[in-house]
Structure formats: structure tokens, C-alpha cells
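Here are my notebook entries for today. I looked up a few residues and then the cores.

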Amino acid sequence: MGQIVVLDQNMVNMIAAGEVIERPASVVKELMENSIDAGATKITVSIEDGGRKLISVADNGCGMDGEDLARAFEPHTTSKIKTSKDLHGISTLGFRGEALASIASVAQVRATSRAKGQNGANCIEIDCGNKGSISPCSGDYGTTIQIRDIFYKLPARRKFLRTANTEMVHITEQFTRIALANDRLDLTLIHNGRELYRLSDKDKLRQRIAELFPMPPSGISENLIETESNEKGLHILALMGKPAISRTSKKFQYIFLNRRFIRDKFISHAIKEAYRGLLEPNRFPVVFLFIRMPYEDYDVNVHPTKSEVRFYNANLVHSQILATLREKLLGTDLQTQAQLPSPADFPRSQGSPPTGHRSQAIADAMAEFFKKHRPVQTQEQFSYKSKQHLVALRPPTGQITESRTGQPAPEIRSEQRKFLQIHDSYIVVQTDDGFDIIDQHALHERIIYEDLCRRIRKSKLESQKLLIPESFEVTPWGADALKTNAELLEKLGIELVPFGPKTMAIQAFPTLLVKADPLDFVQDLIDLLDRKDTNLDGERLLDEVLNMAACKAAIKAGQRLTMSEIEQLLRDKENAESASRCPHGRPTTIKFSISDLAKQFKRT
Ligand code: ADP
Ligand code: MG
């Protein structure tokens, strides 16, 4: 006798519910999406006990007549697609026709709806798949769906529900995504009678972000850079967090495609690449990315929760996003503003600021320094003015520095600017509205890196023959890596010749890297090539090599600089493309404003 049976419809729905309805937050998402598809302009979500007791979603959308209301809870019923052709180019959030049936199979549901032009509303009740009959009732235009006691007949699933607080975190996240994607809607979220969010349809996007993310000390919305592009059928609007507000996870990356929140590894990668060199490794930018493109250019029928899509031309999406974001980031001044603790943070009785804060540590070091150096030195000693003096200067690494346009570097404008080097590691420079503290190594590294990139883009690096070739032992793998990357070595201006069975010699070395030890550099280069050659494309590999070269050739922390070397460094800084970050993404400069100091010293 055959073993296979056909599952009854309620079982089918419960199985579907397992995919679509993971927890109360999934119900909120599905119901809010239905309201949006119904053309609602106002949606109110009321939750009790984290959604265990009640999830209610009320909208002012198109509503349903009695017949549709009864049918909406049947499996595979939808008004959004009709034929298989409609699957190519889905413009609604829903289309699978399974959300309401799934929800109704695992909870007690009461739905009330009144379509435009109808005299009264209808309502229906369903208890875990057992459907009551349609009955007339009172109600406004639109639809209200109430879900009670979710999973009450499925103890195994109910057990997995977390505390009301945790479930609310998930619900708030779903609400947030929908609120960001639909900034023209009037949206309210209530928990246990308390209003958590009331978002007006008059909100501008930034205002909405400010309301949804009011994180201290300064909100996310104040630290966003906005950019937009519209090319090749792809409209991109991005609000990008400055590096200063980066996070330890991707949680604050919100990607929307035609008002649908999506997760996509191509887009995440493009975002990561756009911030390359601007963030330390393991930090993730805050990004709100809104993409609009023809519905026919991707498939949403990939996953039951519809949060993944398949782009037909993923490369185009990747490259357009990367270009739009990167261009804006590189063209923006991303200097790190020092964040002194606000006077309110100081414990009154002790009078001294809390320690452990990074900028506080810098402020302390500064105070200490000024105490030691107070009146003895004349300011003269730290100021630089004379142009004649500047002309004779040699740059710190012996390189001639050009500006991006190939013009000679402009003179530093302000006659009044003063600087000094502290702890042989940092340079303090007076600016028009305060002072900057520069990490000499990080800044110099950036300058050299940019110089290397510029030159290598044009042709290869200039090199010079070593007076005495330096020989070194090489492993078979090392020799292999060198052979595979012969072109790269050529570009770098490094000439190696065999010098015995296991030995090679460095014959020529790039002029720009005079400060680096050739042997040490080549050894590290071999390590890098040996490690990386299999999984990095040529451009990335070159970038890593240039990073390494810049790091090795740059002035070190702890190195005393002459006045003229500092002057040169400051002049080079003015010409650098993104001088505010070192190639690894650490800040090179921290800005202090005089008004912050005045506040700290309680002068205001
Ligand atoms: P889908 O959204 O994939 O079509 P659902 O099960 O979520 O499937 O909903 C079934 C149908 O019920 C929808 O296609 C729509 O016609 C109707 N419907 C659901 N919610 C609403 C609502 N809030 N207002 C009007 N119609 C709705
Ligand atoms: Mg739906």
C-alpha cells in the first residue's frame, strides 16, 4: 500500500506559515505591506505584550467587499497577479497570496473591511484555520486586521517567542524599514497603549531618520552625506554616514529597492568598497540606500519573505552604486571632529572630567604639554611665514610633491598659522577656528599612498639601481609568487635577478621608497603575494602593495621632524585628495574648535 498522502489545506497553510511567519514581527511586516499595496496613506499598528496578545494593523486603504474579505484568507489568493506574465515585473510588495492564509492558520484573526463606495463594513473571524462566516458590522473605509494569541495551538512555536521587549525590538525593526521606504505615509506604532512612534506624512526623509534613530550623543541624521544619481535606468539616492559614526555590524545598512527592504550581497559589497580606506577594518558604515529601477530588471520571487532579489544585471547595479557612493565620499571633507565631553558630563563635585575617553586622553595630553611649555618658547619659533624659506625645503621623503592637477603646491595661506610637534609623533596646528592635531605617520602615509597611486596610474614607478645589489634567500613558493606577479614588480620599479639556486638579488628599487629598507620591503611583498595572489584581483592586490609601501616609507611616530619637514607635510596635506584618513581608514587629523575649548573652560 502506498505511503504518500495529500496534506489537508490547513496543514499546507501551517507549513507555509513556518516560512513566512517566524514571529510577531513577520505578521506586522506582512500586514503593513498589504496596507501599502492597498494604497493606504495612514497605517496604525497596535501591539500588546510584544505581539503575543494582540497585533492590530488598521489602514485607510482601498478595503475589500464581503466576497473578497472571505477569499483573502484562503491559500494562494491574491489580487496582485493574474497570469505567469505578471511575475515578470512585480510592482506590489505582496504577490504570493499566502500571508493572510498563513497567519490565519496559526492565530485567532478578526478582520474588518469596507471598500470605497460600500455602505457598511464586513467582518470575519478565523480561529487557526476555522473560518466563520462574513457578517456586516460598523467600520470606516479601509481595513483593520487583528491577530490574537499567535501560535496558541502550536506550543512548540509559542515557546520560541522571546520576552515582550525582544519581540518589540523585532517589530520596531520591521516598522522602521517600512517607515524608511515609505516616507510619504502617516505611520503610528503603539505598544501596550503607549505611542512609540508617530510619523507624519509631512516628514522629510532626514527628519524621519532623525525620529527613528535619535541616538546620542549626536543623532545619525546629522552625520549623513547625501548623494543621488540617475543613470542607465538606475536611480540611486544614498544617505551615507560619516566614518565617525561607523558601527561594528551591518545593522545600520538599510537598502531599499523600489520601496522594498532587501538584503543583497552585491550591494553590501559595493557599499564596503565605497568606504574602502575610509573605515578601519571591522567597522561598517551607516547607509540608507534607496534604489529605483524597472520592475522587469530583477526577480523578487526568490524567497518567501521577499527580502532577497535576483538582479538580471548585478554588475551594473554594483558598479553604479559603488561609483555614486565613492565619488561623493572622496569629494567630501570627512575630517574627524574632536568630541570633547560636554560640560554636563563632568561630575560637579570632583571637577575633573571622566577618564578613558579617547578625545579626553588627547585633551589631557595637550593640557600637560601646554603646562610644560608655557611661556618659555616664543610663538615666533613655531610660525612659518616666509615664502623664500619654503622654496628651499626638501620634502620629508625626498619626493617632489605635485598637486593633483600637476601644478606646484600652493603656499599655505594663513600668515598667522602656527604649529608644533609634540611627543615626536603629533603635530598641533593652529587653524582659523581652533587647532588640529595631526598624526604625522598616518598623514604622511596617506600622502605617499596617493602619490604612489597617481604615478602608477600614469605609468610605472621610477626606480634607481642599488649600488650594491642586496641578496636574499627565497622559498620555492616565494619564487613562484614573484614569477606570477612579474608585471606588478615591473610596475613598482623593483628589479630582481637570480643570484644562485635559492637566492635572488634586488638590483633596482623605487626612488619614492628610499626611506624603506629594500630587503625588508621585498620580503614583506613576497609574503603578501604568496598569501594573496589566489583571491585578490589585480587592482586590489596593487592597492594592498601600495598601502604597505606607503606605511613603510612614511615618517614614523617618535621621529623628530625639522621645521621644514613639518611645513612640507602641511603643504602636502592641502594637496591630498582625502587627507583626513590614512589608507587603512584611521583618521589623520582631529579637529578642535576654539568654541569647544571655550565651553570646556567654562568661558561661555
Ligand atoms: P498577497 O499580498 O501576496 O496578495 P495576502 O495573503 O497578503 O497575499 O493577501 C491576499 C489578498 O487580500 C491581497 O492580494 C489583497 O487583495 C487582499 N488584502 C489583504 N490585505 C488587504 C488590505 N489591508 N486592504 C485591502 N486588501 C487587502
Ligand atoms: Mg501580502
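I started with E173 and found it in helix α6, residues 164-181. Helices (H or I, at least four residues) and strands (E, at least two) are DSSP runs, numbered from the N terminus.

Before going on, I noted that this is a predicted model, where local features need pLDDT of at least 70, side-chain atom pairs count only at pLDDT 80 or more, and totals for chains, interfaces and linings use all residues. Residues are numbered from 1 along each chain as its sequence is written, chains are lettered from A and ligands numbered from 1 in the order in which they are written, and side-chain values use heavy atoms, with hydrogens and water left out.

Is E173 buried or exposed? E173 counts as buried because its relative accessibility is 16%; buried means under 20% relative accessible area, exposed over 50%, partly exposed in between (1.4 Å probe, protein chains only). Leaving out residues up to four places away in sequence, I saw E173 touch K251 and Y254, where contact means heavy atoms within 4.5 Å.

Next I looked up the cores. A nonpolar core is a set of buried Ala, Val, Leu, Ile, Met, Phe, Trp, Tyr and Cys residues joined through side-chain atoms within 4.5 Å. The largest one has 63 residues, and F73 and F288 have the most contacts inside it. Helix α6 gives this core its largest share, seven residues. Apart from it I found another core of 37 residues, including Y449 and V522.

My last stop was T431, in strand β19, residues 426-431. T431 is buried too, with a relative accessible area of 14%. T431 and I594 are 163 residues apart in sequence, yet their C-alpha atoms are 9.3 Å apart in space.
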